[in-house]
Amino acid sequence: MAENKQVIFKGYIDRSPTETDMELRINKVELKVPKGSGAFLVKNLYLSCDPYMRGRMRDFHGSYLPPFVPGQALEGFGVSKVVDSDNPNFKPDDLVSGITGWEEYSLIQKPLQLRKILQHGMPGFTAYAGFYEVCSPKKGEYVFVSAASGAVGQLVGQFAKLLGCYVVGSAGSSQKVDLLKNKLRFDEAFNYKEESDLDAALKRYFPQGIDIYFDNVGGDMLDAALVNMRIHGRIAVCGMVSLDSLSKPKGIFNLSNLIMKRIRMQGFLQSDYLHLYPQFLEYIVSNYKQGKIVYIEDMNEGLESAPAALAGLFSGKNVGKKVVRIVHE
């Protein structure tokens, strides 16, 4: 037996999460997997903090993922190491990635939720699928990315630059704007919090209009982008983080532009495109090794820091991909 520190979900909420919506608890875990169970036990190494987790904190069963269960550990994407296994496809010491618990050890009974890590890659499949498959980009097009310094946005902008597009990103601080322009090689970037008129801001940066809008925030930014889209523009709807703090989200007023400008707006999940994962991995690893792509992570140490790390996503505290490294004592 071993101690198993866990981050427990306390109960459903209708606002942005805070640290107090979660609590740390220590239970016991058996380090040997029962024979005939087909399960395997993993030691969790890294946890990913992602905005979609907010949706699982509502008592709503109509989404693509079920809500968290109050009184149980949260779960999300992570990187783990197999400790013991009764599954022939997963051996002790294998490294795996996928859905795991927010805890030091997780018993995995649904092997399909994890895949072996066969080579060192990096995050970004959502950005790859959304940009290349949903946006259908062409060289020379005008691309706008919201929440551009986040886990997905930072890669979308770099993909667009590699293709030869003009790229502008929005972010929520001067530090993030500097990062976009000076390290991530965006053509321009602006702090949306300093803009009293988002429509005017987009017209300033896109006097000829926007061909592609990669939307990570929804709300007022999406409304302003709709007005500034070019004919036959494309909008990939990846996230709605601006609405996560609202119990009654506001509507979108400029949807008539979809008709007048023949715009295609599409929501998507990276899981729709898993057949492209080998192609993505080859592309991302090659460009990363050549220094053509950089990736910025914002790392927290220790499972006890996970509640603050997740809550911080919704107030813009992270710079880059928010990750928690679990420190095993």
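**Note on helix packing and selected loop residues**

1. In this predicted model, helix H1 (residues 125-134) and helix H2 (residues 153-163) cross at roughly 45 degrees, and their axes come within 9 Å. That angle makes H1 oblique to H2. The crossing of the pair is right-handed.

2. On the H1 side, the contact with H2 is made by Ala127, Tyr128, Phe131 and Tyr132; on the H2 side, Leu155, Val156, Phe159, Ala160 and Leu163 take part. Sorted by class, this contact has nine nonpolar residues, with no polar and no charged residues.

3. H2 also crosses helix H7 (residues 277-289): the two axes come within 13 Å, at an angle of roughly 80 degrees. Angles of 65 to 115 degrees count as roughly perpendicular, and H2 and H7 are therefore roughly perpendicular to each other. Here Leu155, Phe159 and Leu162 of H2 meet Tyr283, Ile284 and Asn287 of H7. By class, the contact of H2 with H7 has five nonpolar residues, one polar residue and no charged residues.

4. Helix H4 (residues 198-205) packs with helix H5 (residues 219-228) at an angle of about 50 degrees, and their axes are 9 Å apart.

5. The contact of H4 with H5 comprises, by class, six nonpolar, one polar and three charged residues. The contact of H1 with H2, by comparison, has no charged residues.

6. Which residues of H4 are buried? They are Leu198, Ala201, Leu202 and Tyr205. Viewed down the axis of H4, these buried residues fall within an arc of 95 degrees, so they line one face of the helix. The elements against which they pack are strand E8 (142-145), strand E9 (166-171), strand E10 (188-191), strand E11 (210-215) and H5.

7. Gly164 lies in the loop between H2 and E9. With a relative accessible area of 33%, Gly164 is partly exposed. Gly164 and Gly140 are 24 residues apart in sequence, yet the C-alpha to C-alpha separation in space is 5.5 Å. Leaving aside residues up to four places away in sequence, Gly164 touches Lys139 and Gly140.

8. Ser136 has a positive phi of about 45 degrees, although this residue is not a glycine. Ser136 is placed in the loop between H1 and E8. Its relative accessible area is 33%, and Ser136 is accordingly partly exposed.

9. Arg185 likewise has a positive phi, of about 70 degrees, and is not a glycine. Where is Arg185 placed? Arg185 is in the loop between helix H3 (174-182) and E10. Arg185 is partly exposed, with a relative accessible area of 41%.

Technical notes:
Residues are numbered from 1 along each chain as its sequence is written. This is a predicted model: local features need pLDDT of at least 70, side-chain atom pairs count only at pLDDT 80 or more; totals for chains, interfaces and linings use all residues. Side-chain values use heavy atoms; hydrogens and water are left out. Axes are lines fitted to C-alpha atoms, for helices over the stretch in contact, and angles run from 0 to 180 degrees between N-to-C directions. Helices (H or I, at least four residues) and strands (E, at least two) are DSSP runs, numbered from the N terminus. Ala, Val, Leu, Ile, Met, Phe, Trp, Tyr, Cys and Pro count as nonpolar, Asp, Glu, Lys and Arg as charged, and the others, Gly among them, as polar. Buried means under 20% relative accessible area, exposed over 50%, partly exposed in between (1.4 Å probe, protein chains only). The arc is that of the directions from the helix axis to the C-beta atoms. Contact means heavy atoms within 4.5 Å. Angles under 35 degrees count as roughly parallel, over 145 as roughly antiparallel, 65 to 115 as roughly perpendicular and the rest as oblique. A crossing is left-handed if the near helix is turned anticlockwise from the far one by less than a right angle, and right-handed if clockwise.
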